[in-house]
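Here are my notes on this model, point by point. Please read them with the structure open.

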Amino acid sequence: MSMMTMRVLRLVVHVRTREPVLLLGEVDGERCLPVFLRRPQADAIALGARGEDDPQLPQDVIVPLLQGLGHEIVGAEIVALVDSKFQADLVFADGARVELRPSDALAVAVREGLSIGVESAILDDVGQPIADLFPDGTDAPPEKQLEDFKKFIDEVSPEDFA
């Protein structure tokens with residue numbers, strides 16, 4: 001497996017379906033990947049990295065619980081696309097993996113500031129050039145970026161990744 005390191009570009013709501021979409025972009029590349037999320041996990045991701053004084057969400061309990069048991073989570077990876085659905089793993093320091101829904105794995109990674117990876121074959125198959133979504137670049141003013149992305153997201157659906 002060849003994993004590409006990703007960063008969170010945006011969290012938006014798909015206009016037609018009203019489903020939340022997390023847009024991940026390559027750290028060292030020009031492609032991005034829209035990931036449709038479940039609403040509770042999107043709400044957790046929208047809060048961003050967990051602060052010390054933040055109330056704990058369900059996702060926030062997993063890391064300290066596992067640390068107490070002697071395990072360390074190092075990241076989340078989107079490892080496959082099967083029947084138009086992503087499959088994801090939480091990855092542990094010792095190489096162990098636990099399969100989770102992508103929404104759950106990404107929520108844990110974002111809240112804990114962990115690395116996010118996507119299998120390069122997935123990006124080869126369904127990744128989108130960032131320039132297509134953000135013609136003015138990701139450094140453009142947020143309003144312009146959002147306008148550019150809305151144009152893209154209005155036309156895409158989960159079936160486009162079949």
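1. Start with a charged pair. Arg111 is buried, and Asp60 is buried too; buried means under 20% relative accessible area, exposed over 50%, and partly exposed in between (1.4 Å probe, protein chains only). The two side chains meet in a salt bridge, 2.8 Å from N to O. A salt bridge here is a side-chain nitrogen of Lys or Arg within 4 Å of a carboxyl oxygen of Asp or Glu. Arg111 lies in helix H3 (residues 102-112) and Asp60 in helix H2, so the pair ties together parts that are 51 residues apart in sequence. Helices (H or I, at least four residues) and strands (E, at least two) are DSSP runs, numbered from the N terminus.

2. A word on the basis. This is a predicted model: local features need pLDDT of at least 70, side-chain atom pairs count only at pLDDT 80 or more, and totals for chains, interfaces and linings use all residues. Residues are numbered from 1 along each chain as its sequence is written, and side-chain values use heavy atoms, with hydrogens and water left out.

3. Now the sheet. It is open, with 8 strands in the order E6-E5-E4-E7-E1-E2-E3-E8 and mixed pairing. Strand E6 (97-100) and strand E8 (128-129) stand at the edges with a single partner strand each, so one side of each has no neighbour in the sheet. Two strands pair if DSSP finds at least two bridges between them. E8 joins strand E3 (residues 31-36) through 2 bridges, and the two run antiparallel. Cys32 stands opposite Gln128 in E8.

4. Look at strand E4 next. In E4, 7 of the 10 residues are buried, so the strand is largely enclosed by the rest of the structure. E4 pairs with strand E5 (residues 85-92) in the antiparallel sense, over 8 bridges. Gly75 has Val91 in E5 as its bridge partner. E4 and E5 form a hairpin with 2 residues between them, and Asp83 in the turn has a positive phi of about 50°. E4 is also joined to strand E7 (residues 115-119), in parallel, by 4 bridges. There, Ile78 has Val118 as its bridge partner in E7.

5. Is Asp89 buried or exposed? Asp89, in strand E5, counts as buried at 10% relative accessibility. Its side chain meets that of Arg97 in a salt bridge (3.2 Å, N to O). Arg97 counts as partly exposed, at 37% relative accessibility. Leaving aside neighbours within four places in sequence, Asp89 is in contact (heavy atoms within 4.5 Å) with residues including Gly75, Ala76, Glu77 and Ala105.

6. The count of salt bridges comes to 7. One of them links Arg31 and Asp124, whose closest N and O atoms are 2.6 Å apart. Arg31 lies in strand E3 and Asp124 in helix H4 (residues 120-126), so this pair ties together parts that are 93 residues apart in sequence. Arg31 is partly exposed, with a relative accessible area of 22%. Asp124 counts as exposed, at 55% relative accessibility.

7. Leu69 sits in the loop between helix H2 (58-68) and strand E4 (73-82). At 59% relative accessibility, Leu69 counts as exposed.
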